[in-house]
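Here are two exercises to work through with the sequence and the model in view. Take your time over each step before reading the solution.

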Amino acid sequence: MAFKNWDYFVSAEEKTDIKCRVCNKKLTGVYKNGQTEMYGEKVDHWEYKCSESSKAWHDRVYALKQEAERTVSNRLRQIILEEAEEERQNGICL
Ligand SMILES: [Zn+2]
């Protein structure tokens, strides 16, 4: 599954600096001709989706990063982000 604004982005203009917030991969846009319902109407747009989306490790890193954003504890966040980084590095070379 892809998660909007994490590993899936929609933009009205082409951008060259979009990275997956889960695995840090640089994303390449695909031009879509009026196929989105993202804004409640059909408009031309660029779509950016990580090629690693939906892979088990990618979903896990996403879940960990979500968890890190949720916690109010700085120490916990650090531990969770360390684990997320380990999983990311293991996953990216699969
Ligand atoms: Zn990714």
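**Exercise 1.** Find the bridge partner of Val30 in β3, then work out the strand order of the sheet.

*Solution.* 
Step 1. The bridge partner of Val30 is Glu47 in β3. Strands are DSSP runs of E with at least two residues, helices are runs of H or I with at least four, and both are numbered from the N terminus. Residues are numbered from 1 along each chain as its sequence is written. The model is predicted, so local features need pLDDT of at least 70 and side-chain atom pairs count only at pLDDT 80 or more, while totals for chains, interfaces and linings use all residues.

Step 2. Lys32 stands opposite His45 in β3. β2 and β3 (residues 45-49) are antiparallel, with 4 bridges; two strands pair if DSSP finds at least two bridges between them.

Step 3. β1 and β3 are joined by 4 bridges and run antiparallel.

Step 4. The open sheet of 3 strands therefore reads β1-β3-β2, with antiparallel pairing. Its edge strands, β1 (8-11) and β2 (29-32), each pair on one side only.

**Exercise 2.** How are α1 and α2 oriented to each other?

*Solution.* 
Step 1. The axes of α1 (residues 56-70) and α2 (residues 74-92) come within 9 Å and cross at roughly 165°. Axes are lines fitted to C-alpha atoms, for helices over the stretch in contact, and angles run from 0 to 180 degrees between N-to-C directions.

Step 2. α1 and α2 are therefore roughly antiparallel (the label for angles over 145 degrees).

How values were computed
Angles under 35 degrees count as roughly parallel, over 145 as roughly antiparallel, 65 to 115 as roughly perpendicular and the rest as oblique.
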